[in-house]
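This report describes selected local features of one protein model.

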Amino acid sequence: MSHKDLNGRFEPILAESGGETFYPGPSRSHLAAYPPKERWDNWTELDSQAWPRRKERHYSLVPTTCFNCESACGLLAYIDKVTGEVQKFEGNPEHPGSRGRNCAKGPATLNQIHDPDRILYPLKRAGERGKGKWEQTTWNAALDDIASRIRKAIVEDRRNEIMYHVGRPGEDGFTERILAAWGVDGHNSHTNICSSGSREGYQLWMGLDRPSPDHANAKVILLISAHLESGHYFNPHAQRVIDGKANGAKLIVFDTRLSHTATHADYWVAPYPGSEAAMLLAIANYLIQNNLYNRDFVRRWWNWEEYLAIEGPEIKTTFENFERVLQATYEEFTFEFAAQESGVDARVIEEIAKLVATAGTRFSSHNWRSVSSGVSGGWSVARALFMLNALLGAVATEGGVFPNAWNKFVPKPIYTPPHPKMWNETTWPREYPLSMNEMSFLLPHLLKDGRGKLDVYFTRVYNPVWTNPDGFSWIEMLTDPKLVGCYVALTPTWNETAYFADYILPMGHGSERHDIHSYETHDAQWLGFRQPVKKADRQRSGEEINDTREVNPGEVWEENEFWLELTWRIDPDGSLGIRQYVESKKKPGTRLGVDEYYEWIFDNSVPGLPEKAAAEDLTPLEFMRRYGAFEIKQKVGAIYEERVRSEELEDVREDRFGRVFTRAAKPASSNIVPIPSPDGDDDGRRLVGVNIDGDIKRGFPTPSGKLEFYSRTLADWGWHEYSIPGYIKSHVHPDNLEDDQTILISTFRLPVQIHTRSANAKWLDEIAHTNPLWIHTSHAAKLEVRTGDLLRVETEIGHYVVRAWVTEGILPGIVACSHHMGRWKLSEQGQRQLMATVKLEHEGTEWGLKRDKGAEPYESSDPDTLRIWWSDVGVHQNMTFPVHPDPISGMHCWHQAVRVTRARPGDTVGDVFVNTQKSREVYRKWLALTRPADKHSPDGTRRPYWMLRPLKPAREFYSLPELPELEHV
Ligand code: SF4
């Protein structure tokens, strides 16, 4: 029903649908529906602030993606046609991963772009480093200075003094390729304080480090993570977990704390932290002893032949013999044993095991962060969890778990610079040859060891002083000019680390920058496009915009244009061989622009996109600017079962474990993750597949081509005792605690805040702004504390003071504190909605933070800042944690053995105290647990070549050179 008024506009009237009357909105769509994409050029809504008048506002709807977590959900910016400003963000219904839905942090992007405290201009340090004196500088001056330092370091062969340290990449490897163009092995990521534990466990099995569960089609879902509130690909996975539940799936959640996810579970169990692998292996044992596993899948796809041949040469290599060994090996993992380790009733574990057994190939599971990032040996939890999938054959099945790389799409870029010809010991030290990622959080200790120094150090979307453990050691490093020559903080907003920078360069939020990405949200492949929405809007109207600074507030830029320009200035005449990687193909001799960069990718590397765009009379770039995402494929399926094509089989040879080697070259265009060939064969062939019952199949990207129940890598590199999935007593196992110690869980966060990126979102800050210590009622009664009382939490290197939150929602005797609060600033300069102003106290190796004042109302361009009603912004606990690098995965083991007492006289909320001398001692203690490559490498290399590594150096630089003995080793 509609009619037009005298001006020819549609008049809003009441309409009827299915017997219901509703107000369809001035754009004639049901208010509960998404704006249809055909009408994104001119969308009309009523101005809510004009109510009760019906005043229409007209919008261009421009898609981008959220940058507030790794999920990169689709957003739709509502750009007011009169003001040209973004009025709000909602979900993009065209995005295949998020399907129009967002968590609270997505729409709150609006707060971030309008944050009155954001950094709008490049700043240069004016006084001593860390003293808070800044002067505005120009991009030109900053670029010239930084470029000349980098050029000098490259020319003088000090490439190992250039480092880029990223928190949230949110992109397609753009910056890795920039570093490769510079010939620098300087990529450093946050992964080892985030997810390396899980990644290691998955990589050992599948050769790929992340799972892609098909929750929506599962019968049973087992989560050791909090996917309904955080987790990895939180919102896209959360909605599919709920789809699965709506379809009748049973949800099992292991979490010591009553998370939001646990509240939706059919079975919530709260195990003793670090005991999860014992429970999972008890479930595995139940499947094994009762022949409830998928025998044919195990026979075809586990590398049991290799296991028997190497570990039991006296046993005849038959599957039946392997089954007997399997039964004998896991029989010790009884429900009673699991109960004793976990504290969970044996009958409950048995009930869960029986439920898991009913799932068949529709068993989806996920372990992310949580305990695998909490305890030493945490990687064995992900390994034990995936063993259940591997036993059930629920691998790349409908309702099962896929290797991540099969459910994402990585397009070929315009340039692929060669692998750097160097190996950086300050990111990949010899002690951690099997770590999943760079040993980023050890950087201050590695530099203090004398292993190197930094001439130019970049951080991007990263705040190590606050996010990492042992933040005072980071301050010591950053304030020592002998260790760090020039520190450049690329950040959209103030953060604790930026206070110690030489340059603070303002970067864009999710609606102010370009990136492309693709993530394993479900069994499909898609590509998402983040873009500066005001640029895209003005380009739609025919304007030419060449630089995001033309549309962003102040002089806010985007990283990609920054990196292109910086690279151009490092090698202005091309004599270093660097400039060629940032040169326009269309106009040789000029710098590549972001439009050409993405145009090339969308034209040449995304199957189906050019055709789809042409059908709408658009170029591929115009299509992506208009819709923000493209679905390449649905239902990718079980790639490992694909037959290798005959053209890839040339002069093949098969080894005794069925690995097939070929002389045929790799196909030029393939999105299949190849099986790594650490050795190839002696005759120059590459590994192409595995022989399964007479068929040559694609297999998995592991050294064996199969799922690796047996890790020959672990066995060969000095960790033979862990060569098959097992249970490791962690650093916080009761055997390793003193009587008055308890465990602090610090690996969780609330759904509405994330690390350091969301403190400038007023809506989120109002909802969540503090992090009290979760303490069980019985525990609190012993200490005689009530909610709101002050507690002192003592770690190995110091203590902090926090308020108590007495709850039944945690295992008695364990305490927990969310790690996304406790932001601080050293002066009024900074983010004022969620940062306390503190005094930094320092004498020798003793450091302290004392709160001067919490958040308070203030006058700004946003009247809401006068309405701030909260003052407590939580406590910065991470500073009091020493580094705990797992000797295998390299993951920082976050859980702490602590003493919790009532606060002492003089203690005030937010106090933090640390002695960094003790930090050094703990670092050395954990370093002594490693089995370094120079003592344990089986082949004289630093790291197994097949293992994943961002920005791989050239193959020859994997060889271990003669290295000087370091004093502490
Ligand atoms: S889950 Fe939330 S924060 Fe993460 S990308 Fe999606 S909307 Fe943004």
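Asp739 is found in the loop between helix H22 (712-716) and strand E27 (742-745). The model is a predicted one. At 85% relative accessibility, over the 50% limit, Asp739 counts as exposed. Asp739 and Arg899 are 160 residues apart in sequence, yet their C-alpha atoms are 9.7 Å apart in space.

**Strands E29, E30 and E35**

Arg899 also takes part in strand pairing: in E35, Arg899 stands opposite Glu794. Strand E29 (residues 790-794) pairs with strand E35 (residues 896-902) in the antiparallel sense, over four bridges. Strand E30 (residues 798-807) is likewise a partner of E29, joined to E29 by five bridges and running antiparallel. Here Leu790 is placed opposite Arg803 in E30. E29 and E30 form a hairpin, with three residues between the two strands.

E20 is joined to strand E21 (residues 524-530) by three bridges, and the two run antiparallel. Arg530 in E21 is the bridge partner of Asp515.

Val660 in E24 has Glu654 opposite.

| Strand pair | Bridges | Sense |
|---|---|---|
| E20 and E21 | three bridges | antiparallel |
| E29 and E30 | five bridges | antiparallel |
| E29 and E35 | four bridges | antiparallel |

**Helix contacts**

Two packed helices are described by the angle between their axes and the distance between the axes. For helix H19 (residues 594-604) and helix H21 (residues 620-627), the axes come within 8 Å and cross at roughly 105 degrees. An angle from 65 to 115 degrees counts as roughly perpendicular, and H19 is therefore roughly perpendicular to H21. On the H19 side the contact involves Asp595, Tyr598, Glu599, Phe602 and Asp603; on the H21 side it involves Pro620, Leu621, Met624 and Arg625. The residues of this contact divide into five nonpolar, no polar and four charged.

Which residues of helix H9 (residues 304-311) are buried? They are Trp304, Glu306, Tyr307 and Leu308. The cover over the buried residues of H9 includes helix H8 (295-301), helix H10 (319-330) and H22.

**Ligand shell**

The residues around the ligand are Cys66, Asn68, Cys69, Ser71, Ala72, Cys73, Asn102, Cys103, Lys105, Gly106, Phe234 and Asn235. By class, this shell divides into six nonpolar, five polar and one charged.

**Backbone exceptions**

Most residues other than glycine have a negative phi, and most peptide bonds are trans.

The peptide bond joining Trp51 and Pro52 is cis, with omega about 15 degrees. Pro52 lies in the loop between strand E3 (43-46) and strand E4 (56-65).

Asp470 is not a glycine, but its phi is positive, near 65 degrees. This residue is in the loop between helix H15 (464-467) and helix H16 (471-478). Is Asp470 buried or exposed? Its relative accessibility is 1%, so Asp470 counts as buried.

Leu951 has a positive phi of about 50 degrees, and it is not a glycine either. Leu951 is placed in the segment after helix H26 (933-936). With a relative accessible area of 10%, under the 20% limit, Leu951 is buried.

Definitions and conventions. Residues are numbered from 1 along each chain as its sequence is written. This is a predicted model: local features need pLDDT of at least 70, side-chain atom pairs count only at pLDDT 80 or more; totals for chains, interfaces and linings use all residues. Side-chain values use heavy atoms; hydrogens and water are left out. Buried means under 20% relative accessible area, exposed over 50%, partly exposed in between (1.4 Å probe, protein chains only). A residue is near a molecule or strand if one of its heavy atoms lies within 4 Å of it. Ala, Val, Leu, Ile, Met, Phe, Trp, Tyr, Cys and Pro count as nonpolar, Asp, Glu, Lys and Arg as charged, and the others, Gly among them, as polar. Axes are lines fitted to C-alpha atoms, for helices over the stretch in contact, and angles run from 0 to 180 degrees between N-to-C directions. Angles under 35 degrees count as roughly parallel, over 145 as roughly antiparallel, 65 to 115 as roughly perpendicular and the rest as oblique. Contact means heavy atoms within 4.5 Å. Two strands pair if DSSP finds at least two bridges between them.
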